[in-house]
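Hi,

Here is the structure I said I'd pass on. Have a look at it first, and then read my notes below.

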Amino acid sequence: MDASTASVWPRLEPFLLGALQVAPPSKLSMHYLRKMACYVRTREGCFPQLGWHMWRHIACGKLQLAEELAWLYFETFDLLAPRSPEEKLEWAEALSQSQSPRELDRQRSKLCVDTLQFLLFLYIQQLNRVSLRTSLIGEEWPSPRARSPSSASERDAKTSSSNKASQLFTNWDDQAHLTFVQLHLSELLELLAEPGELSGSGQALRDSQLSAEAVQALSLLLEGSASRGRTVHPIHRLLGRAPLQALAGYSKLSRSYSLQQLQSWLRQSLTLNPFGMSTCLRSGKKLAWALQVEGAMKRAKIARNTHMAPPGSRVVLMSQVYKQTLAKDSEKLAGANVKVHRCSEAFIYLLSPLRSVTLDKCRNSTVVLGPVETNVHVQSCENVRLVCVAGRLAVGASSRCTIHALTPTRPLLLPGNTALTLGPFHTHYPTLEDHMASVGLAVVPNLWDQPLLYSPDGPAPDPSCYCILKPEEFCPLVVPFQMEGDTCEVPGGLPSAYQQAVEAREHRVQEWQRTVKDAHLNKEQRRQFQALVEQKFHEWLLETGQRQELDSLLPPTIGQSNSNDRSQSSCSSEPSLQHQKDQTSRQAAGQTSTVC
């Protein structure tokens with residue numbers, strides 16, 4: 001293959017982490033974004049960097065968005081920015097010291113984003129736009145007609161799924177990302193063009209040019225490699241090669257590209273992301289293990305590309321973990337985008353610093369995560385308990401879930417939730433604080449109890465879809481593994497009301513112990529009393545389902561050690577199990593922090 005060929009594909013993270021998993025406001029349509037693109041180029045303080053105050057003016061004054069929604073988009077885009085952990089920690093410290101709304105606004109005013117990239121970010125919110133026509137007739141998406149987008153109605157019919165309870169999770173669907181870019185490439189390029197290069201209606205002209213700076217902004221969405229090389233480059237660096245520049249219509253005199261020629265070259269070069277979920281499922285490294293459960297064999301599956309994907313494209317899929325405990329503390333997880341899919345009656349501990357995590361269609365499970373640098377998204381889950389430290393938390397179409405979070409941003413509650421419970425982060429493991437520092441997450445600010453109910457155009461969501469956990473119902477969670485490290489308590493401590501509830505419970509246990517001691521039971525009475533307590537304890541374990549959780553902590557059988565893949569999937573660099581009946585019984589009885 002000659003040096004003039006290249007492959008270009010949509011980047012995973014802008015669509016996975018940047019596009020909110022919900023239909024966008026109507027004011028973020030192309031019609032209004034064209035006006036915004038013209039406005040920011042003609043107003044001082046808007047280009048090439050856009051500050052918070054100017055974006056708030058545009059969003060609230062021009063687009064009629066609520067200020068909290070304007071900040072949500074601004075903050076979400078900033079989460080994608082490549083910042084060092086030290087910079088993130090400095091920003092968190094500055095926010096935590098803002099004691100009033102005015103001080104907070106002054107701090108936010110220091111935040112700026114790349115104007116052109118922010119326009120692209122706002123445009124890709126259309127990824128999850130709901131098409132009324134598609135939802136009614138159930139047209140397959142993407143359809144074969146996707147190659148010739150002509151009318152707005154056709155674009156609507158191909159831009160989102162059939163809207164049937166998130167049957168197609170487009171944020172993870174690399175085929176959907178490719179189709180979206182193919183359908184909307186002309187509009188994406190028009191947003192980046194200077195107003196003088198477009199017609200009065202905002203359409204590209206035959207001789208329209210696109211600046212090198214605009215192509216650099218396009219690197220938010222596109223990357224690729226030359227001549228099937230393994231090195232991945234942002235699109236602007238890929239086009240730095242002379243043979244490709246000629247094909248893309250680059251002029252050295254004007255330092256710009258022919259918009260029509262660049263668009264034609266991109267259409268010929270666009271292909272499926274070689275590091276996306278489709279490729280991972282087809283040819284990624286698979287890890288599997290089996291567990292016999294009451295006569296029924298259930299097999300969990302893991303596929304990952306972390307051994308060969310570049311940063312930002314590392315993917316791990318965990319699917320159908322059923323009645324098992326999965327614990328991993330591994331370099332293979334560090335910096336990965338993890339999807340936990342259709343897991344049921346499982347206990348999953350991913351104790352590594354992660355890039356993002358999605359829980360999709362999980363039921364009756366407990367998930368404990370290491371620090372997540374960007375988003376934790378819970379979608380279509382039921383009776384799931386989630387414990388996490390995360391840059392952002394979002395929950396949609398889920399019911400009876402309990403979430404214990406430490407997060408510097410307001411939890412985003414999307415439509416379709418019922419009976420959610422929000423509680424404070426309530427666990428620790430020895431390397432937790434080191435992991436938090438490595439991804440730039442601090443203990444303050446912590447907005448776990450200040451959710452934002454997302455409702456851009458429709459009626460306001462019902463505030464009764466969630467509640468704050470009552471202190472008297474609160475129990476800390478113990479991570480049941482031995483690990484090396486210095487963290488020995490919940491980072492930042494517990495809120496005072498919850499700390500008092502824990503201390504009150506411990507006091508009751510101490511009173512009970514004194515009562516038993518003061519009873520002066522003889523040896524036979526102590527034996528009978530001990531047997532009665534153990535009997536009631538085991539009855540409680542069975543009634544509450546806690547017995548399954550304890551039994552699943554038993555070490556794997558000797559036979560499993562014969563398979564390298566199996567040992568990696570269940571115990572690869574993982575913490576050692578600390579399954580001791582006496583200690584667990586004491587915890588359940590309330591003498592120490594309770595396993596809940």
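**What I found**

The chain has 21 helices and 25 strands. Keep in mind that this is a predicted model. The average pLDDT for the chain is 84, and 82% of the residues score at least 70.

Where pLDDT is low, the predicted coordinates should not be read in detail.

On to the chain as a whole: it has 596 residues, and 51% of them count as buried. If you take contacts between residues at least 6 apart in sequence, 59% join residues at least 24 apart. The exposed surface comes to about 27400 Å², with carbon and sulfur atoms supplying 50% of that.

Now for the inside. The largest nonpolar core holds 74 residues, and the ones touching the most other members are Met36, Trp55, Phe118, Leu262 and Trp265. Helix H10 (residues 174–192) gives this core its largest share, 8 residues.

Which residues is Leu262 in contact with, leaving aside neighbours within four places in sequence? They are Leu189, Leu210, Val215, Leu239, Ala248 and Tyr257.

There is also a second, separate core, this one of 62 residues, including Cys343, Leu406, Leu422 and Val479.

Cheers

Methods:
Residues are numbered from 1 along each chain as its sequence is written. This is a predicted model: local features need pLDDT of at least 70, side-chain atom pairs count only at pLDDT 80 or more; totals for chains, interfaces and linings use all residues. Side-chain values use heavy atoms; hydrogens and water are left out. pLDDT is the predictor's confidence in each residue, from 0 to 100. Helices (H or I, at least four residues) and strands (E, at least two) are DSSP runs, numbered from the N terminus. Buried means under 20% relative accessible area, exposed over 50%, partly exposed in between (1.4 Å probe, protein chains only). Contact means heavy atoms within 4.5 Å. Accessible areas come from the Shrake-Rupley method with a 1.4 Å probe; for residues, only the protein chains shown count as cover. A nonpolar core is a set of buried Ala, Val, Leu, Ile, Met, Phe, Trp, Tyr and Cys residues joined through side-chain atoms within 4.5 Å.
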